[in-house]
Amino acid sequence: MNNLTSQQRKFVYLGAILLLLIPIIALGMPSDGTPNSGGSIARLRQKLDLGESDLGDLDPSGAAMNLALLGLRGVAANILWMKVDEQRNQKDWAELRITTDSIIRLQPHFEKVWEYNGWNMAYNVSSEWDAVPDRYFWVKEGGKFMQRGVERNRRSSYLRWYVGRIYGPKIGLSDEARYFRRYFRQDPDPRFKNGPDPEFNANDEDNYLVAKRWFQEANDAEANGARQNIMDRSIFRSYPARSQLDYAAVLYKYGFNEEYDREVGDRTLTNDEAKALEVRVREKLKEDTRAAWALGLDDWTRRYGQELFSVEYLPGVIVQMRLEMSEDELQNLGKTPEGIAQLRRAVDQYQKMNNYRYWRTRALCESETNTAEAHWSLFAAGEEYLKQNTAEAQEFAEKSMELFEKTLEKYPELRDEDNFVEEALKSVLIWNKVLNLRGTKPPETFPLKSLWDAKQAMVPEIERRFERDSRSKN
Amino acid sequence: MSTTGQPREAVIEIRNLTKIYRDFWGRKKVRAVNALSLDVYKGEVFGLLGPNGSGKTTTLKMLLGLLFPTEGEIKILGQSASDVRKNERIGYLPEESYLYRFLTGEETLDFYGRLFNMSGSERKQRTDDLLKLVKVEHARKRQLKEYSKGMTRRIGLAQALINHPDLILLDEPTSGLDPLGSRDMKDLILDLKKQGKTIVMCSHLLADVQDVCDRIAILYGGELKVLGRVDELLKSQNQTQVLSDQLSPAAQAEVEAVLKKHGAKYQVDHPTANLEELFLRTVQESKERPGRRLIADEPTSKT
Amino acid sequence: MNFDSVPFPLDTSFQLWLTVFGSATLIVLIVSLLATVASLGSRGLGVFANELGAMLGDFVSISPRRVFALAQLTFREAYRRKALMVFVVFAILLMFAGWFLTSSNLQPEFQVKVYVSFVLRALSWLVLPVVLLLACWGIPEDIRLRSMHTVVTKPARRLEIVLGRMLGFSFIGLLVLTAMATVGGFWIRRQLPAEAQAQLICRQPISGELSFRDREGNDKDEQGEALKQGINVGDIWLFHSFIEGATKARAVWTFDDVGPDVLDAEGNLLLENRFQAFRSHKGDMKRSIYFQYIFFNPETGVRAPYDLKTVEENRGRTDRIPRKFASVSGTGGITDRKTYDLIEDLVTKNGQLTVEVACVDPGQYLGMARPDLFIRTTDLPFESGYIKAVVCIALMLLVVTFIGVSVSTFVKGPVATFLTFVIVIVSYSARDFMGTIIGDPDALAKAKQYSGMQEMKKLDGGGVLESIYRILTHMNPTTELPAGPATAVMKTIDTGMVNFLWLVYRILPNFDYFTKSQLYVANGFDVPFNPSVLGCLMITLAYFIPCVILGYFALRVRELEAK
């Protein structure tokens, strides 16, 4: 180089600059908005949806922070993440909340960050608090946090699914479910004046219905190409329908008290008024549960059951299948006899994996008026028994037993489903107890006798649970 | 050798002064000043001359304690150069404007006044006087960064005088000044001399040096080449200068005749600024014969 | 509060400071003596003595006027170069901070914590870089532009330059901080949601000493030492320890100097606690876990149980205990009702009050640490603690300024900035870790809380080289290294490194005191003079002296012209 004159050197530099410019332009030219414009990176970004504004809302403060960190945001986020962990260990919840916000300001488009930290609040932090309203508060914080994550990552199906998890099982299935479900519609925070937190349950709905919507959105996003890697696709797609079924099931469990208390509100009722209200609520719920199960059946069999999945039935063997398939469809899709057999086995395997048939039968049976009647008669029998109204209790129990008997005759496969059997046996149990109270011996034959005799092993546990529930009601 | 006959009191005594600049690893890089010895006497104006890199600024900075000598000794106003107490009686005008550019003229003088532990009223008085003296009174409230180069030199001189110094060190006092300002500066220097102050100045502007300096030293390559009284240095041993004003052609012819008669080679001419000649000659000869002292003034070195 | 505030150990820290400072000074003196003698021969001895004398002389002859002149110069420089603009940045930050902070709907106490710690953190982290940059660039720029020449050629001592610079930068820092703190204080008052305003107070706690009794009622462990810990319920961080419900396990607090003056205006004793609840079974979830205060007078043997109270986990509760209260005690249906006077009957003659805390629910646990129960005396207004916290921030800024100025006397601006920045960051983040490596008792005590309350020792596995060797050869840290010269060399180098680390650890400022002072206010407590303000003050002083000396020394021995 030293032999070159300064002019020559400059030309060499210029040449090198031009040479370097070629790949830079080829790779890095920004897109002008039309498809397939710009450099190859821009095109790739379009193709893979990597543009930041495509992902969801932009946060100017976060962008500024990233700039200030000179590309060290990954490092900074890691440090903050470690800090969150330490703050959790030290039970420094206020600081934890702020640090979490700082992290997502740095990594707003990293779904895992949202999911982990939202989960952390809804599950880990929540359980660190002793008072149930406090626990609920942190469940809400986690849920709201993840929803903000969805705003920032509009296409994500993954995050939506996790939001659904908080609305659904976290509120409806945890140990505190009885309280959480109530708080969901009557927030303990005095600011909400006994109504729901508008940021968390804007339309004052049941938590499972909100969850269903989120799961549905997750499915829609997934259908639009947002991949999820949480679980097998055939299970992932079942969640909206499952939420509907969960909703129907949970109405049996908590529905009456929740509805009754909502109806009463701040009023004090006379005995007659209370009695009338009880009947009214029961009647309403009878229809509500039936309708919920009917909708669940529809969701389960007509929507979820009709989805086309391509599954790897055996290593290397990919088949197209639906969970609900008529014989014709099997023939059409399977084509060859061998293919049909394979498909049949695949459907069977996936139906088992998703507990598909159980829910189908259950929903079918529960959506009948008789079944709803059976359940709510059983419920009434229990209530009357507790109030020592033995005559009413006996009447309701016998009605319930008859109806359960009929249902089991119609759906004999339910004899092997513990949940359903438990309900049926409970009606006999209450009936026995009432008779005992009234000093009469049970007759030789009664409805459900064969079931009662066959499943005696289950009775002590059912009795224990019944006693416990009765105690906690008083 | 005193021209006035009084015993001369040395204000600055430099003995065998050597400065070697070293690089990061401590290796010798430049010998900036080499075995320099000279004295500056009370009440004189002393000029330090030399081409760029000759070591005159290094010498000045060692005098001020900004640089530490590698070898040799400096006594300035009877104290060691590293002793900060000597600064009480010294005024220093640095080469360029090293003043704080964000201060106003007034604040500058007040600040340096305070460094001399002067009281408030004294500072105020002195500030007013000096601003008047160096003629920047009109700009006393303006920040120095708005000053012209000439004004900066003036305010620089003012700060050097704030403490009524006995010894004034001026680094290129007239650089950047217009002829008028340059004249003012020289008048001021002569005025200070009259007040009995000792002045040491470095300058490239030989005419200025010639105008104001009593004695000069010319440095080359860190070595002292010439030292002596300006008038004597310019007096050539084998030449005689006859100066006259308004010599008529007739009178001139007469003089020439006398000279001819004595067999002298002569030349009739107008006087020139021949310090420049001396300077150029010194530099030239130093290049040809390095390490030789060209003209000795008086034996300053006692060792 | 997630830390225990122990008084600032004045005597031991002074001793330590003296050791570190003294030995450092000695080393510098010896090295410079040797260097002078080496370069100048026997004459060097005299030169060295002269220099030393001159340096000491400079300390005696400091002129306040000159120092102030330099400080004012420094201030003017920063002011005219618009360093105070950072204040504008802060104002803008506050204007928009509301957007991010109000979105959170935490409970009032937490809101206070969020707002207060945000402001205090913003204060320290915004002023810090300004002060750091100013301090690190002032002298190097002065030298580079040679303005310093005009100063050192005046009778200004270099010591005075260092002092003046430090003073000037400190003043700028303090001015900016004061302005920001004022705005910040008003901002908190204005922005904090109405429901949280009431929580904007400074509690003045009287803390006691905490000991435990186990489930059999023993107050000593097997070694006969007083029980300082309860049960570990599986927390990772073992700051809190637990007592089992419905057993003889107790947490026993003893408070000194209790008299009628600690009661509130109505004559109640305010006991505030931050107990934690741990359930080994869910029990009735709606119902909180119950605990009980039992007042005990060891002189008379009187034990007066007070009413049952519920734990309000993570919120804390204040119990007003009237001076005269009825106590119901007894078991097995026989109840004994007595009225006690808290001060007369239950406080010992030398003013000691013993409060035993019992968990009532069987199978459930109550968790606590020393700061979790205290007597709450009259609250101070929020501003009282806020101002003290700001004072502590100010002191931290001073420490950074001193370090910055000192460092900038011997290296150039960018290097000084980097070095000071590293010192600050490492002190903040890695000091504790270094402490555990060198085996510093304080750091080990902190680490102990994360190690199952095991007494911590220096980490196994040796130093850097040994660790590398062990990792590469998959050797267990408990296995002895093979004897031989290689091991000896390795161990020597490692020891040298650890010793160096010891020095670094000791030189790095302990920012704990500064950060903790902020936590007090954020948690609704007044900042105690000891340890917080005193600690910060002492640390500042401890850095001031060596920094001045180092800065002076460095500036004196360097040639200002050398580039």
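Predicted model: local features only at pLDDT ≥ 70, side-chain atom pairs only at ≥ 80, totals over all residues.
The contact between chains B and C takes 24 residues from chain B and 24 residues from chain C, where two residues count as in contact if their C-beta atoms, placed from the backbone, lie within 7 Å. On the chain B side, α1 (56-64), β6 (90-93) and α2 (105-115) each supply at least two residues; helices (H or I, at least four residues) and strands (E, at least two) are DSSP runs numbered from the N terminus. The largest share of that side, four residues, is from α2(B). By class, the side of chain B that touches chain C holds 17 nonpolar, three polar and four charged residues. Here Ala, Val, Leu, Ile, Met, Phe, Trp, Tyr, Cys and Pro count as nonpolar, Asp, Glu, Lys and Arg as charged, and the others, Gly among them, as polar.

Residues are numbered from 1 along each chain as its sequence is written, and chains are lettered from A and ligands numbered from 1 in the order in which they are written.

Of the two pairs of chains that touch, B and C have the most contacts. Chain A meets chain C through 18 residues on each side. On the side of chain A, α6 (93-106) and α8 (132-152) give two or more residues, and α6(A) provides the largest share, five residues. That side divides into seven nonpolar, three polar and eight charged residues. No contact joins chains A and B, and their closest C-alpha atoms lie 26 Å apart.

I turn now to chain A itself. Chain A has 22 helices and two strands. Its radius of gyration, taken over C-alpha atoms, is 30 Å, well over the 23 Å that the globule rule gives for 474 residues, so chain A is more spread out than a compact globule. The globule rule is 2.2 Å times the number of residues to the power 0.38. Along the principal axes, the C-alpha atoms of chain A fill a box of roughly 120 × 65 × 35 Å.

Finally, how do the axes of α7 (residues 111-127) and α8 of chain A cross? They come within 7 Å and cross at roughly 175°, the axes being lines fitted to C-alpha atoms over the stretch in contact, with angles from 0 to 180 degrees between N-to-C directions. That makes α7(A) roughly antiparallel to α8(A), a term for angles over 145 degrees. Among the contact residues are Trp114(A) and Trp119(A) of α7(A), and Trp138(A) and Phe145(A) of α8(A).

Note on methods:
Parallel < 35°, antiparallel > 145°, perpendicular 65-115°, else oblique.
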